[in-house]
Amino acid sequence: MEKVRKLLALSLVVVLAFGVVGLAGCANGDAEEPEETEEPADGEDAAEFDTLTEGKIIVGSDTAYPPFEFVEGGETVGFDIDLMNAVGERLGYEVEFLTYKFDALITDLQAGTSFDMVASAMTITEERAESVDFSDPYINSNQSLAVSVGSDIASTDDLGEGDKVGVQSGTTGELWATENLEPQGVEVVPYDDILAAFAALQAGDVAGVVNDLPISQDIAEDETRQIEVIQEIDTGEQYGFAFNQDDDALREAVNDALAEIKSDGTYEEIYETWFGAPPMSIP
């Protein structure tokens, strides 16, 4: 009987010993759980700004302005599109473009309900900067005068009383023409988009078109239009992406991505694709 009691006591000790080990094992497992919950922190760091749609940057643009943004085969393409897609890749966001009239872009951006930012060959001006914030400049762009091939006009100095010049409504080209050509007696005719202004030039409705140099050069490459750019008008203009003034985080993130694109050679590749030559300078 004494032997039985000793065996029972020994069995109890063994059972208790395994129970303690088991509890210790559970305690160690509980201690390791916080390490597993730390993983989502990396995902949080990636989202440093808010957008209207999670994981997507919606961009407002007047998509009738080649080669910066235009529709071809049902797809929106162009210099701004490629540049913004490169920005999106670096930020880990999909980029979607929505078409708006140029004149309505700033108003809709201020409302903050349609798109997150604007990429539409928009010149940085003090007046616009009162309503929106701009990114760092992403391209240098002067104005220009384009005329029909064979025209007697050699520069803006040849324009005068009775002449008409086409411009795109709401652009700095319209502003420059109004300030500098109207005093010479020139009638400045605004159009909804720049292609309509060039169509008027081809039809003989206007004597010339004042417009951003890169755009006019691209349009003039189409020999069927019989149009040539005869003068570069030095205005020191630069394009920038526009943001709601309450959206500093997105603007700063885009600026960081732009800086990478400019420094790693991506900018030159995109520029040459759309303008046929590397940029003379990078903003």
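**Entry 1: a buried charge**

I looked up Asp-133 to see where its charge sits. Asp-133 is buried but makes no salt bridge. Buried means under 20% relative accessible area, exposed means over 50%, and partly exposed lies in between, with a 1.4 Å probe and protein chains only. A salt bridge here is a side-chain nitrogen of Lys or Arg within 4 Å of a carboxyl oxygen of Asp or Glu. I then asked which side chain of opposite charge is nearest to Asp-133. That is Arg-251, 4.2 Å away. For charge, Lys and Arg count as positive, Asp and Glu as negative, while His and the chain ends are not counted.

A note to myself on the source: this is a predicted model, where local features need pLDDT of at least 70 and side-chain atom pairs count only at pLDDT 80 or more, while totals for chains, interfaces and linings use all residues. Residues are numbered from 1 along each chain as its sequence is written, and side-chain values use heavy atoms, with hydrogens and water left out.

I found Asp-133 in strand S7 (residues 133-134). Helices (H or I, at least four residues) and strands (E, at least two) are DSSP runs numbered from the N terminus. Next I listed the contacts, meaning heavy atoms within 4.5 Å. Leaving aside neighbours within four places in sequence, Asp-133 touches Phe-241, Ala-242, Phe-243, Asn-244, Gln-245, Asp-248 and Arg-251.

**Entry 2: the salt bridges that do form**

I counted next, and the rule gives 6 salt bridges. I began with Arg-90, whose side chain meets that of Glu-260 at 3.6 Å, N to O. Arg-90 lies in helix H3 and Glu-260 in helix H9, so this pair ties together parts 170 residues apart in sequence. Arg-90 also forms a salt bridge with Asp-264, with the closest N and O atoms 2.6 Å apart. Asp-264 is in the loop between H9 and H10, so its pair with Arg-90 joins parts 174 residues apart in sequence. Together, Arg-90, Glu-260 and Asp-264 are linked in a network of salt bridges.

Arg-90 is partly exposed at 29% relative accessible area, Glu-260 is partly exposed at 42%, and Asp-264 is partly exposed at 44%.

I also noted Arg-225 and Asp-222, whose side chains meet in a salt bridge of 3.7 Å, N to O. Arg-225 counts as partly exposed at 24% relative accessibility, and Asp-222 does as well at 32%.

**Entry 3: the nonpolar core**

I turned to the nonpolar residues. A nonpolar core is a set of buried Ala, Val, Leu, Ile, Met, Phe, Trp, Tyr and Cys residues joined through side-chain atoms within 4.5 Å. The largest one has 50 residues, and Phe-79 and Phe-241 have the most contacts inside it. Elements giving two or more residues to this core include strand S1 (56-61), helix H3 (79-91), helix H9 (248-263) and helix H10 (266-275). H3 supplies the largest share, 7 residues.

What does Phe-79 touch, not counting residues up to four places away in sequence? I wrote down Pro-67, Phe-68, Tyr-138, Ile-139, Tyr-267, Ile-270, Tyr-271, Trp-274 and Phe-275.

**Entry 4: aromatic rings**

I searched the whole structure and got 15 aromatic pairs. Rings of Phe, Tyr and Trp (its six-membered ring) pair if their centres lie within 6.5 Å; planes under 30 degrees apart are stacked, over 60 edge-to-face, and the rest tilted. Phe-70 and Trp-274 are edge-to-face, at 5.9 Å centre to centre and 90° between the planes. Phe-70 lies in strand S3 (residues 69-72) and Trp-274 in helix H10, so the pair ties together parts 204 residues apart in sequence. Phe-70 and Trp-274 are both buried.

Tyr-271 and Phe-275 form a tilted pair, at 4.5 Å centre to centre with 40° between the planes. These two are 4 residues apart in helix H10, which means about one helical turn separates them. Both Tyr-271 and Phe-275 are buried.

**Entry 5: strand S12**

Last, I checked strand S12 (residues 208-212), which is mostly covered, with 5 of its 5 residues buried. Two strands pair if DSSP finds at least two bridges between them. Strand S9 (residues 143-148) pairs with S12 in the antiparallel sense over 4 bridges, and Gln-143 stands opposite Asp-212 in S12. Strand S10 (residues 164-168) pairs with S12 in the parallel sense over 2 bridges, and Gly-166 has Val-209 in S12 as its bridge partner.
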